[in-house]
Amino acid sequence: MARNLLGRYLWIIDTIHRYGTISRKELNDLWMRSPYSEGEPLARRTFYNYRNAIEELFSISIQCNQATYEYYIADGDGSHRSGVTDWLLNTFATGDVLSGASEVSDLIFLENVPSARRYLSHVVGALRERHPVRFTYRPYTRSLPTPGVEVEPYFLKIFRQRWYLTGRNTLDGKIKTYALDRIEDLTVGTTVFEPDPTFDAEQYVSPSFGIIFSQGDIKDVALKADSRQAKYLRALPLHHSQQEAVHDNYSVFYYRLRLTPDLVQEILSMGPSVTVVAPPELRAMVVTSLSQSLANYGE
């Protein structure tokens, strides 16, 4: 097995993606200067095998233009899987750049992701093989930990630099979410479970902002943002359902969302730059939170 095979796949995807179109010779020249070549050229058969593996693993099709004999990546389908692949590429590109930046490491400041260190690989393996996981859980809302929690993992999500596992709690049969950095003593079981055939992870996650997925009905949300904040929301949408109506000095952004504490906290983090237009329930939730915060500063 070649060393760092996944890194090689991602290097090929990232290189072709950055160049748009590239010949075999150009790709091989770049390969020889990369840390993955180990001094050996990218043989035609090896490249062919890598292309097949890339398509199987990531659903990315590397095509050859028969007129120019240049390679390119066929357009994706815009699915959730394509989004995961984009995230992998961004992570790979960042890691590749930072790995060669040791001489300026004291000038680079990163956000810590503690939940990715201990158990992420175990949970990913359990997801892939459909094995239950068993652990002790120490939530912030309780003084004592809960031992012996057993979960059939359904999906993972990263939010605010923390990883969360969502799955069926085998004790009560309910779908629950757990922060990986609050998990202790995790073990992966040997049995194989069958997920609920009616459960659709993407539909479950889609109408929510954050990691609270099952609370409340889906509502039409409208947020009024001043012109400066509108630029930020345009560049980094709050949610995939975002639509914008541009006015002279402000914009109104429209969403289809559940009204959750995560959404309220995000709106509050934008301060006076954003005002809730609708629905009334969300306005009330924001006003209540603001009133309680102000009360903390009263005499």
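Hi everyone. Before we start, please keep in mind that the model is predicted: local features need pLDDT of at least 70, side-chain atom pairs count only at pLDDT 80 or more, and totals for chains, interfaces and linings use all residues. Residues are numbered from 1 along each chain as its sequence is written, and side-chain values use heavy atoms, with hydrogens and water left out.

Let's begin with the whole chain. The protein chain has nine helices and 12 strands; helices (H or I, at least four residues) and strands (E, at least two) are DSSP runs, numbered from the N terminus. Of its 299 residues, 37% are buried, where buried means under 20% relative accessible area, exposed over 50%, and partly exposed in between, with a 1.4 Å probe and protein chains only.

Three strands form an open sheet in the order 1-3-2, with antiparallel pairing. Its edge strands, strand 1 (22-23) and strand 2 (62-65), each pair on one side only. Two strands pair if DSSP finds at least two bridges between them, and strand 1 and strand 3 (residues 70-73) are joined by two bridges in the antiparallel sense. In one of these strands, strand 3, E70 is the bridge partner of S23.

What lies across these strands? Helix 1 (residues 5-19) does, running at about 100° to strand 3. Helix 3 (residues 44-58) also packs on the sheet, touching strand 2 and strand 3.

Next, the two helices together. Helix 1 and helix 3 pack at about 90°, with their axes 10 Å apart. Axes are lines fitted to C-alpha atoms, for helices over the stretch in contact, and angles run from 0 to 180 degrees between N-to-C directions. That makes helix 1 roughly perpendicular to helix 3, a label for angles of 65 to 115 degrees. On helix 1, the residues in contact (heavy atoms within 4.5 Å) include L5, Y9 and I13, while F47, Y50 and F58 are among those on helix 3.

A cis peptide bond joins A278 and P279, with omega about 0°, and P279 sits in the loop between strand 12 (274-278) and helix 9 (280-295). E38 is not a glycine, yet it has a positive phi of about 50°; you'll find E38 in the loop between helix 2 (24-32) and helix 3. D185, also not a glycine, has a positive phi of about 55°, and D185 lies in strand 8 (residues 183-188). Is D185 buried or exposed? D185 is exposed, with a relative accessible area of 55%.

Definitions and conventions: Angles under 35 degrees count as roughly parallel, over 145 as roughly antiparallel, 65 to 115 as roughly perpendicular and the rest as oblique.
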